[in-house]
Each structure stands twice: as C-alpha cells, then as structure tokens.
Amino acid sequence: KRFKKALTLTGQFKTDFSRHEKDDRFDINDSRRWILGWENSSKLQKIEEDILLETEKMNFIATKLKTIDRKIQNMQNFRDTLRDVIAYKSFEEIDYYLYAKKIEELEEEREQLKKSSNILELLQEKIEKTVQNIALQKENVDKLSQKIGELKGNQTQKTEELKEAKSLIENIKLLEKLKSSIELLSQNIITEKLNLSNIKREEIKVREFIQKQIDSSNRIALRSSQKVIEFMSIFVSEFKAEAKDFDASIESLGEFRKQLVSLKKDDLPKWEKRFKALFREKTIQNIVIVQSELEHQAGEIESKIQKINDSLKDIEYNDGSYIELMAQKSTTIDIREFMQSLKSAISGSIDSENNYDEEKFIQVKEIIERLKGREGYSEIDKKWRKLVTDVRNWFDFSAMERYLSDGSEKEYYPHSGGKSGGQKEKLAYTVLASSLAFQYGLDYENLKTRSFRFVMIDEAFGRGSDESSRYALRLFEKLELQLLVITPKQKINIIEPFVNSVHFVHNQDGKNSTLLSMSIEEFIQNKNA
C-alpha cells in the first residue's frame, strides 16, 4: 500500500496511489505471457513449442477425419443401393425376359399371317387411297372457304366505300369548296376513269401526292423556324437581361415582337452618344483607378524591400558580406497578360472624345466578366483573380549575397535548395526578420521611434547552430524588435547579450507551475556564483 507502483502474486497492479487494475482474460500461470526485463527468448521458445504441439494434434485429427469421411461415403453408397433394391415389390417388376419373350412370339405370329394371306396388303392400300382422297377434299374445302371469306370482305369494303361516297354526295357544300382542287388533281394525277375497282388505288395516289406537298411545306417551315431560332439565340445570349423572361423558341415569338416594339419606341441610337460618354468617364476611369492602385501597391513593395535592404547592409551575413533581398518582375503569363490587357483597355481613352469603338468595349467587357467570374468558369476565374490582383504575385523574390567592400555579387539565392543546414538557417532568419519588418512597416531611418513591434518566438534556436542563432538575434536587434524568446536552458548563453531579463518556468509533477524572474545581471551573478 505504501508504494506508488506495485504488482501482487494474483496479477493485480497499480500505476499510482489511486488506480488498481487486473486483467482476468488470461491465466496468470501461462508462461507464454511472461517477460522478464528486456529478454523474451524464453517466451518465444514456449510459444514455438506450443505451436509444434498444436500442429501435431491438428495433423492427427485431420487423419482421423479423412478415415471417418471414407467410412461415411461407403455407408452412403451402401444405403443408396439398398434403397434402390427395396423400391421393387416383386421380381416380376424387373423380369424383362418375360416381356421380351412375348414380343418375340407376337412378331413371329404377324409374319406368319402376312405369308398366309394378301388381304392385309389390299386393306392397307385402300386405307392409303382413302386418306389421300380425304386430304384432297379437305384442301378443296379450305380453298372454297377462303374464297368465300374474300368475297365477304370485298362486299363489306365496297359497302363502306358506298356509304362514304353517298356521304360525300350529300355534302354539296364540301364538294363545291373542293371542286377546283379535285379538278386540278384529276388533270395532274388521276389518269383513269374512276370506278369501284380503281377508286381506292387512285385515292392512294392522291394521298401520296398531297403528303409530299405537306412534307415539302413542313421542311420549308422547319428551315425558316430554325433560322428564326438561331437569331433568337444570338439575341438571348448577347442580351441576357432583356431576354431573362423568355427563351429562344417559336412559342416566344410574341415576346420577341413586344421587345421589338419596345426597342423601336426607346429609339436606342439616340442614347449611343451618352453611352460612349459614360463608358469613357466611368468604366475606363475606374479601370485606370484599379491599375493605378495595383501599381501603387507594387511600388510600395519595392520601396519596403529597399528599406529592408538598407537595414541588412549593416548586418554581416558571412565574413565580409551582407544579404540583399531582390524583387524581380514575375514572368507568369497570366500576370503579364492581365497587365497588358489593362494597359490596352485604357490606351488613348482618357483625353480623346471619340475613342469608343466596339473593340475597346469588348476588351473592357472581357476584363470585367473575368474579374466577376464567368458562368461555368467561376472557380478558374476565382483562382485567376486571386493571382493577378495580389501584387505580391507580381514579383519573384530571391536574395543576393554581396561583399561589404564594394557591393559586388558573391552568391545568388533563388531558393534554399542545395545549401547547407547553416546557410538555410541564416537565409530563413533573414526572410523571417524581413517579413516582420515588412508587416510592422519599419522604416530604417526611423527605427528609434516609440512604436509597438512585439515578437514572440517559441522553441527558439533549439536545433539551430550557435552562429545562426547569434546572426538572427543581431538582425532582430538591428530592427529593434521587442522580443520574447522561449528557449531551452542550454541556449541561454547565446541570448544573454540580447535580453534584459530571464524567466525560469518549473512545473513540479506536471501539476504546479512556478515562475522565477530576474534581470540578466542577476542571472549572470548567480551563474558565476
């Protein structure tokens, strides 16, 4: 009870004063689960012996199972045979010899009858002739029945045609209206004198002729409607706002006619001059403002990079050298094309009064639509807009190491690839300090101003080299950043010259944190003592 960690002979154990555990899923006397210290060879040997024993048992059982399976199969075969035999109640049921003998006797009797008399042959011939006569008569009956059916059908058809003809004759008005058309058809199509025999055939010819005329008219109408729908589609695609309540279809002709009347009434050409003026004064000027703002932001980046470089000149990067950050114009095609499109859209558009033309309008329209996000390309245009309007993307950033003596080039750093660990650290610290200065808007000439530029660095310099750590601290000191450095104790000797006070944090048993604070002078005195 007095120990924090303990184990009983029955397998109960505890890891602190309040928690007790016991796992009863396994036998505590099973030596396969024992491990003493870091040695588990005896446990492995015991497991291997158990595996061999269980394998032998499995093989023995498998052999016995095969023997039992064979016995079962033999008994099943014997059972099936007995079941087949029991199905017969007497021997006569399977005595095929008796029936074969009777068949043979009857065959012999039939042959004897044939040899003794020819009456059977004569009867057989009569039977065959009678069957042939019956078949012939049946065929004649079928033909007569078919002929009777055809005559009845013709009679019914002629009766219906007669009724239709009487109906047409009685409808005098209809005949008068169709008289001219009937005469025209009679001259061009009907070449025989009409009677009950050929009237149906001539009717089919007339129907075919009329159907051809209808199909030709439909084709002409279809081509016309397609051409109309094509012009409708062009209107709907170019003027979505005006056509939002109808679509490109023949059913929308009424809406298009209303729109045409409205357009004629509005007299749009009268407003063309005002549109050109608004296009130049509003749209083009807004694009000029956007371009100017973007170029201003790009200029601020270049200006701040130059101010940061002024700070870096006074910090020795390596022996006899300093680092200079470089911001070169990006060669990304999308960015260059965007800048060119802005320049092209506003070229000659500020001072000229008659600068508007269709091409200029299309240029501006394409820029605005892509910035807003075109239908079907919203995600692509969103990425493009983020790329071209973030002026940080207008530059490719790199670093140049130069000699302090004459400022000549020593080494160019497009990135940190291929450099040693120390070089990567120093370059990373340079970029970090530069970005902090950029965020705070530090001016090298006015670093002494009273401004709040606090920076906290956690796990600082834990893995870096001492030289790189000192370089970073000198860089932060040069920029007069207000630092809170959280670092392991073994790195205190590096930060001593750069801090005013130290604070030791101690956490006893992970429960209570205590803080001991002292000035750097007190810390050095205590350390020496």
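How many residues lie between E9 and E10 in the hairpin that they form? There are three residues between E9 and E10, and Asp-509 in the turn has a positive phi of about 55 degrees. This is a predicted model, in which local features need pLDDT of at least 70 and side-chain atom pairs count only at pLDDT 80 or more, while totals for chains, interfaces and linings use all residues. Residues are numbered from 1 along each chain as its sequence is written, and side-chain values use heavy atoms, with hydrogens and water left out. Helices (H or I, at least four residues) and strands (E, at least two) are DSSP runs, numbered from the N terminus.

**Confidence**

- The mean pLDDT of the chain (the predictor's confidence in each residue, from 0 to 100) is 80, and 84% of the residues reach 70 or more.
- Among the elements of the chain, the highest mean pLDDT, 92, belongs to helix H1 (residues 41-86), and the lowest, 62, to helix H4 (residues 172-188).
- Over residues 350-355 the pLDDT is below 50, although this stretch has nine contacts in the model beyond near neighbours in sequence, a contact being heavy atoms within 4.5 Å.
- Where pLDDT is low, the predicted coordinates should not be read in detail.

**Strands and sheets**

- Strands of a sheet pair through backbone hydrogen bonds, either parallel or antiparallel, and two strands are counted as paired if DSSP finds at least two bridges between them.
- Strand E4 (residues 321-329) pairs with E5 over nine bridges, where Leu-325 stands opposite Ala-399 in E5 and Glu-324 has Met-400 as its bridge partner.
- Strand E5 (residues 395-403) pairs in turn with strand E6 (residues 409-413) over four bridges; Ala-399 stands opposite Tyr-413 in E6, and Arg-402 stands opposite Glu-409.
- The hairpin of E5 and E6 has five residues between the strands, and Gly-407 takes a positive phi near 75 degrees there.
- Strand E9 (residues 501-508) and strand E10 (residues 512-519) run antiparallel and are joined by eight bridges, with Leu-516 in E10 as the bridge partner of Phe-504.

**Helix packing**

- The axes of helix H8 (residues 333-346) and helix H10 (residues 378-389) come within 9 Å and cross at roughly 75 degrees; axes are lines fitted to C-alpha atoms, for helices over the stretch in contact, with angles running from 0 to 180 degrees between N-to-C directions.
- H8 and H10 are therefore roughly perpendicular to each other (angles under 35 degrees count as roughly parallel, over 145 as roughly antiparallel, 65 to 115 as roughly perpendicular and the rest as oblique).
- Asp-334, Ile-335 and Phe-338 in H8 meet Trp-384, Leu-387 and Val-388 in H10.

**Aromatic pairs**

- Rings of Phe, Tyr and Trp (its six-membered ring) pair if their centres lie within 6.5 Å, with planes under 30 degrees apart counted as stacked, over 60 as edge-to-face and the rest as tilted; by this rule there are four aromatic pairs.
- Phe-235 and Phe-256 form an edge-to-face pair, 5.8 Å centre to centre with 65 degrees between the planes.
- Phe-235 lies in helix H5 (residues 199-238) and Phe-256 in helix H6 (residues 253-266), so this pair ties together parts that are 21 residues apart in sequence.
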